[in-house]
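Colleague: Hi! Could you walk me through this model in plain words? I'm still learning to read structures.

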Amino acid sequence: VDREGYDAITAAIAAGGAGTVDPDRCDAILWFSDIAGFSACSRSRSPSEIAKIIRALMDIQADVIRGAEGEVDKFMGDGLMAFWRVPDDDRRNRLIPRAVAAAIEVSERIREFAAASDLPIDIRIGLHCGPAVIGDFGGGDRIAFTVIGETVNAASRYEQARQCAEGRALGRVRLSAAFHDLLSDERLKGRFESERRSISDKHGVVYPVHTLIDGENR
């Protein structure tokens, strides 16, 4: 299939359609998000209350991501993984700004929801772009349409970090240095620190990051 045909097929599979599709290797934008403080917030609430809050938080994110042409890969408790397939320069140039704008919008809408609901929660969002393999990796009758590869593993690190290696808090939205370099929209780029900070994982691997300027990470 051509690229547009592949997108149509993969979207159908992701939505629960029948059939299979060969995995595709190309560049992808990866989104990882997590609700900060949710575990503590949920301790004093009933299961039905927790479910209602989670659904509202996931709906906010899913609606914005899909409106920006992204695909929600999976919900993971109070976390979410999404992606945009960007196999060529045209789509990369068009969708990178859309993904960034979506992340900023989600961060603002979650903050507003938390304030209106008197919930002591926040959100962390990490964005990264690089080569990945996209396809159905399920077994038997189970469809498991997802994205795999080192780019996915690296993308999750940007969301997980609480602070940078220099000991300062990070903003709600974090861009990998590679992703930041690909962002050509100067208005959006101006929302992020030009300074390149660094984070590291438990293995000591260092990841350069640019963080959203949102009033609390200066």
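**Strands, cores and charges**

Modeller: Let's start with a pair of residues: L175 stands opposite H210 in β8. This is a predicted model, in which local features need pLDDT of at least 70 and side-chain atom pairs count only at pLDDT 80 or more, while totals for chains, interfaces and linings use all residues. Residues are numbered from 1 along each chain as its sequence is written, and side-chain values use heavy atoms, leaving out hydrogens and water.

Colleague: Thanks. In which sense do β6 and β8 pair?

Modeller: β6 and β8 (residues 206–211) are antiparallel, with three bridges. Two strands count as paired if DSSP finds at least two bridges between them. The strands (E, at least two residues) and helices (H or I, at least four) are DSSP runs numbered from the N terminus.

Colleague: And how many bridges join β7 and β8?

Modeller: Four, again in the antiparallel sense, with β7 covering residues 197–200. In that pairing, S198 stands opposite P208. β7 and β8 make a hairpin with five residues between them, and G204 in the turn has a positive phi of about 85°.

Colleague: New topic: how many residues are in the largest nonpolar core?

Modeller: It has 42 residues, and those with the most contacts inside it are I29, W31, V100 and F179. A nonpolar core is a set of buried Ala, Val, Leu, Ile, Met, Phe, Trp, Tyr and Cys residues joined through side-chain atoms within 4.5 Å.

Colleague: Which elements give two or more residues to this core?

Modeller: They are β1 (24–36), α2 (38–42), α3 (47–67), β3 (79–85), α4 (89–116), β4 (122–136) and β6 (173–176). The largest share, ten residues, comes from α4. There is also a second, separate core of eleven residues, including F32, M81, V152 and A155.

Colleague: Which residues does V100 touch?

Modeller: V100 touches L127, L175, F179, L183, L188 and F192, again not counting residues up to four places away in sequence. As a general point, nonpolar side chains tend to be buried together in soluble globular proteins.

Colleague: Now the charges. How many salt bridges are there?

Modeller: A search of the whole structure finds 15. A salt bridge is a side-chain nitrogen of Lys or Arg within 4 Å of a carboxyl oxygen of Asp or Glu. One of them joins D27 and R92, at 3.1 Å from N to O. D27 lies in strand β1 and R92 in helix α4, so this pair ties together parts that are 65 residues apart in sequence.

Colleague: How accessible is D27? And R92?

Modeller: D27 is partly exposed, with a relative accessible area of 24%, whereas R92 is buried at 13%.

Colleague: What about D34, which partner does that one have?

Modeller: D34 forms a salt bridge with R124, and their closest N and O atoms are 3.1 Å apart. This pair links D34 in strand β1 with R124 in strand β4, 90 residues apart. Both D34 and R124 are buried.

Colleague: Last topic, α3. How many residues does it have?

Modeller: α3 has 21 residues and reaches 30 Å from its first C-alpha to its last, close to the expected 30 Å. The expected span is 1.5 Å times one less than the number of residues. Among the buried residues of α3 are I53, I54, L57 and M58.

Terms used:
Buried means under 20% relative accessible area, exposed over 50%, partly exposed in between (1.4 Å probe, protein chains only). Contact means heavy atoms within 4.5 Å.
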